[in-house]
Amino acid sequence: MTARDEILGRVRQGVGKDGFAQRKAAAQALLAARERGPQPVLAGDLAKRFRAKAESLSSTVDTVPDRRAAPAAVARYIAAQNLRPEIVMTPDVADLAWGGNGLQGVARAAVDADRIGVTACFCAVAETGTLMLLSAPDSPATVSLLPETHIALVDTSRIVATMEDAFALLRAERGEIPRAINFVSGPSRTGDIEQTIVLGAHGPCRVHLILIGTPS
Amino acid sequence: MTAAAKHSQAMHFQARAGEKVRNPVLQRALQKAKPLFVGKRAKGIAALADDALDFETLRSACESIRNRTLADLDVWLDIFEERATATGAEVLWARDGEEVGRLVVDIARRHGVTKATKSKSMLSEEAHLNEALAEAGIRPVETDLGEYIVQLAGETPSHIIAPAIHKTLEEVEALFAAEHGRPVETRTSADIPDLTREAREVLRQHFLTAEMGISGANFLIAESGTAALVTNEGNGRMVTTLPKVHVVVTGIEKIVPTLEDFATLMRLLPRSATGQSISNYVSLLTGTKREGDCDGPEKTVFILVDNGRANLLGSAYQDMLRCIRCGACMNHCPVYFSLGGHAYGWVYPGPMGSVLTPLYTGIENALDLPHASTGCNQCGSVCPVRIPLPRLMHRLREEQVERGLRPWSERFMLKAWAWLAGRPALYRWMMRRAVRYLNWLADDSGRIRIFGLAPGWSAGRDLPVAAGRTFNELYKARKRA
């Protein structure tokens, strides 16, 4: 007997029910229903909540009135941090005027030598101050992962209340689930040496968010 | 003896517990960690109220999500397999840990793998996967900082979410110096960021060069055939993004139906573990690299592992399969924080381990663990999926008695007690003698310091002196008055 048959046999015995086909139909109906659990009630507007939460998780936040103003904000941040103005970006933000702001940008997947990664995001979750990034040809996952500094452009109109709302948006706009959905909430951290929290474990040490569409 | 039992040291619990209690370095580490864990969780749970959420309501929701999948687990496994396969992943099954090792080694050989980076997986500890890989000439590199430290020390994790909780800064410094080929320096806690940086740089090179990434899964999502991975360090993302092959090793009980169910569980999992409202990285991994993608694995394999889990379905212990491995039970356990995780002798320490170890390695191979409890139910009251841990430990104790696994002296005492309890007059007479004896034992301060009948028990504690008369005597006296 194969391991599969043996394990499923044991599971079936433990479950102790007949009518596999009916139970499977019921399970599929349950999947289609997509019932939500207890939902939070978020006070105030979503952008404010998102910002406060993100800052509490050690991200820094800047605001710009529109998307075209993002490269200048990125350049400001990089200068303030004393970093070299060389960025790797996801192709979905390559249309912006990076060169005009003294930035040297290249759109591709990131490599180890890249120091600053700039990405957009699919949407953001106000409840937890979280970015939702989808892997795709124009948004490779490595750009938000390998560089020490991750700068993300967040369109204020794309801030939803909960993870459930983010999933609903994903289903409505994309239909299929990408290879990787990465929810990112601030710089990477560890507490594994004597329970002391250190920012910058394996992922970025700094996460800077540029909120687009809020008056600065 | 099962394969799992072969590696268990749970039968040496009493001896190990004694050693651990007398280890001042370990005791310091534990005393430092406990208030942090308890305080952070309390704060995280209290913050639910800010969003009009309530722990008990969320807990009931999480409990019922887990129960729903377990009630029809055969169906959910079937759906998961179907949908995961449709995304281009391969689904394999393993009866036990040895089979996990064989499957992973086989995949590694087929893809010419010489090095595998690993994200934290307790199931891979159950399976002794690192040993199996090393024997096959494949280098396993643990990449969670705590796991990396433990691997360098040649030890096993002593906590499921803080594997190196028992290690001091000095020990970490010595291990890093040896592994990274540099002299040992004097370190203070101000140097912890530097040490973390050092490990980051070393492990980064491993991430970039490993041909295979191995991870566990916090959950499997049936709806989409997805593995959910929750980490803070980002190593989970590295391991599942950079190597050309990604192997997910996880238990058959980890399934939840929908993304919505996953979102509900995520409101309690990080809060229960570290008090965080969300972990830094939550990754949902589905299938392989898509057309046009410039990163991601070309091959994704799920290994769904039984290793004793299926036997719990329909048994008195089915509740235990709800466990989402947050670690809250051990973080609140007075026994865990007196001994640390290694005393428990197998993969899972604390109350979780006191139930899982006997069930997965054999009740007869872990006789002390269900007794390693004060019965305080701190674990049961913080469990996000409401597992009645003390009740399960009780049931295991009962089973030990039913199967005649208790020592003869204990069995004799219980028989004698039962005989006596069936004879009320004799019982009352004996009790009168006993309370007077206890009263006579007490010293001037009203405490009993040496209890002749149970020297082992009284060596560590004093007993306040009793009233000198039995309850029956006192009751009668009061009625007369």
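1. Chain A, which like the rest of the structure belongs to a predicted model, is divided into domain 1, spanning 1-34, and domain 2, spanning 46-212. Between the C-alpha centres of domain 1 of chain A and domain 2 of chain A there is a distance of 41 Å.

2. Turning to chain B, its secondary structure comes to 23 helices and twelve strands. The radius of gyration of chain B is 26 Å, which is close to the 23 Å given by the globule rule for 481 residues, and chain B is therefore as compact as a globular protein of that length. Taken along the principal axes, the box filled by the C-alpha atoms of chain B comes to roughly 90 × 55 × 50 Å.

3. As for burial in chain B, 51% of its 481 residues count as buried. When the contacts in chain B with a separation of 6 or more are considered, 74% of them are accounted for by residues 24 or more positions apart.

4. One helix pair in chain B can be described in more detail. Helix α4 (residues 55-71) of chain B and helix α13 (residues 259-266) of chain B have axes that come within 9 Å and cross at roughly 135°. Because angles over 145 degrees would count as roughly antiparallel and 65 to 115 as roughly perpendicular, α4(B) is oblique to α13(B). The crossing in which α4(B) passes α13(B) is left-handed.

5. On the side of α4(B), the contact is made by B:A61, B:C62 and B:I65, while α13(B) contributes B:D261, B:T264 and B:L265.

Key. Residues numbered from 1 in each chain as written. Chains lettered and ligands numbered in written order. Predicted model: local features only at pLDDT ≥ 70, side-chain atom pairs only at ≥ 80, totals over all residues. Helix = DSSP H or I, 4+ residues; strand = E, 2+ residues; numbered from the N terminus. Rg over C-alpha atoms; globule rule 2.2 N^0.38 Å. Buried ≥ 20, exposed ≤ 12 C-beta atoms within 10 Å, placed from the backbone. Contact = placed C-beta atoms within 7 Å. Domains from an automatic or database assignment. Axes fitted to C-alpha atoms, helices over the stretch in contact; angles between N-to-C directions. Parallel < 35°, antiparallel > 145°, perpendicular 65-115°, else oblique. Left-handed = near helix turned anticlockwise from the far one by under 90°.
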